Amino acid sequence: MKLPDSFVWHTVNVDLGDRSYDILIGPGVLSEAGKHIESIFGKRDFFLISDSNCYDLLGHDLEAMLNGEGLSVKSIVFPAGEQSKNLKQVEDITRRLVELGADRQSVILALGGGVTGDVAGFVASIYMRGIPFIQIPTTLLAQVDSSVGGKTGVDLPEGKNLVGTFYQPRLVLSDIGVLATLPQKELNNGLAEVIKYGAIWDADFFAFLEKNHEGCKNLEPEVIAYIVKRSCEIKAQVVALDEKEGDLRRILNFGHTIGHAIEASSNFSITHGEAVAIGMVAAGRISMEKGLLAQDDFNRLTNLIKDLGLPHTVPASTSPEDILVKIRHDKKAKGGRVHFVLLEGIGKTVITPEVTDEDVLKSISGSIH
Ligand SMILES: NC(=O)c1ccc[n+]([C@@H]2O[C@H](COP(=O)([O-])OP(=O)(O)OC[C@H]3O[C@@H](n4cnc5c(N)ncnc54)[C@H](O)[C@@H]3O)[C@@H](O)[C@H]2O)c1
Ligand SMILES: O=C(O)C(=O)C[C@@H](O)[C@H](O)[C@H](O)COP(=O)(O)O
Ligand SMILES: [Zn+2]
């Protein structure tokens, strides 16, 4: 990706009192990683956790660079993909940390996409009852969403992210230059979460995406830097107001109630971003059926999802009954009733327990293809 000389870095702060941290965004952030890591931790033992693709693409060189700068870095590599986001992988990684001599002063560097960040962050939160970690996100999805806010965890066969912790990183290093090697499908995945921020919080940002969908898909540096920055600002603002998802933070789950169920039900052949895109259309349709969302706004949501190369219909291979079963494990349930995040307009949400199985079936059956 060619970057203009005038390009500047962005810093977004996540304001959580004594657990506040910065997100550094820009091209070339990785080349200055050592300086930033050392300024927080000095010279300790660092353990870089990465999936096999990211280690080959970036981790090997990063490890060599940091060791060359006098930091002690050892790596732990696990197989790439959502199938690795499980308790067995957590056991393997923690046992490897013991074997490599990690102690309570050690620091974990999570290099990779959302899967790596969620697994490595979870490991950091439980290893010896908690050691610090840094997020180094390498997918668009991880840069705009998963590296920020401290949700860590793994999946169970029963559903997504059912075991985990809230555990904040000490720093996020988002080098937008590394996105150049991302396959289009992975880029699109991240764009689903970007659309989510516009839909739930910022109508102007939504309009920006409508205007710049080609720039997003073509990875235009100014457009990508802006959407990473704006997404992080919105997520940081929401997390600072409600870190542990007592109330407001639930809006970051727009599209996820049905999305997570579709993802798990497809045995992860449908990726997180794709499932969230389908889930946002379904939640938008429920909002419209309930008289909350105007048809025009629903059309804008669906069209943006299509324009950004994301699916909006449920694949015929998905079982609607299984989706209903999986939805019952949603973490937003209270007293056995799942709370849905719906839209009252672009940029405006409402959370309600008044969504029935029939509403869900109707919202997806119209779209099964
Ligand atoms: N914790 C949170 O707040 C949060 C938020 C959103 C999503 N998530 C989770 O994130 C996960 C999805 O993350 P993801 O979409 O990043 O998937 P991922 O981590 O599986 O990465 C996708 C693929 O891209 C590869 N990859 C990573 N960086 C690359 C690069 N620079 N160039 C080429 N290939 C690269 C990976 O090896 C992998 O094969 C899901 O498990 C989801 O539940 C968590
Ligand atoms: O940070 C949050 O809060 C989110 O809900 C962000 C989501 O995009 C993300 O997929 C998250 O992992 C979902 O968490 P869960 O608690 O609903 O499993
Ligand atoms: Zn998500």
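I sorted the shell around ligand 1 by residue type and got 8 nonpolar, 15 polar and 9 charged residues, where Ala, Val, Leu, Ile, Met, Phe, Trp, Tyr, Cys and Pro count as nonpolar, Asp, Glu, Lys and Arg as charged, and the others, Gly among them, as polar. I note that this is a predicted model, in which local features need pLDDT of at least 70 and side-chain atom pairs count only at pLDDT 80 or more, while totals for chains, interfaces and linings use all residues. Residues are numbered from 1 along each chain as its sequence is written, and chains are lettered from A and ligands numbered from 1 in the order in which they are written.

I found that 32 residues surround ligand 1, the closest being Asn-53, Gly-113, Gly-114, Thr-139 and Ser-146; a residue is counted if its C-beta atom, placed from the backbone, lies within 6 Å of the molecule. Two or more residues of this shell come from each of α2 (52-68), α4 (114-126), α5 (140-146), β8 (159-166), α6 (184-201) and α11 (272-289); helices (H or I, at least four residues) and strands (E, at least two) are DSSP runs, numbered from the N terminus.

For ligand 2 I listed a shell that includes Asp-145, Lys-151, Glu-193, Arg-249 and Lys-331, and it divides into 1 nonpolar, 4 polar and 7 charged residues. Domain 1 (10-181) and domain 2 (203-365) each give at least three residues to this shell, with bounds from an automatic or database domain assignment.

Thr-11 stands opposite Leu-24, and Val-14 opposite Tyr-21. The two strands form a hairpin with 6 residues between them, and Gly-17 in the turn has a positive phi of about 60°.

Last, I checked α13 (residues 320-327) against α14 (residues 357-365), whose axes come within 11 Å and cross at roughly 135°, the axes being lines fitted to C-alpha atoms over the stretch in contact and the angles running from 0 to 180 degrees between N-to-C directions. That makes the pair oblique, since angles under 35 degrees count as roughly parallel, over 145 as roughly antiparallel, 65 to 115 as roughly perpendicular and the rest as oblique.

Note on methods: Two strands pair if DSSP finds at least two bridges between them.
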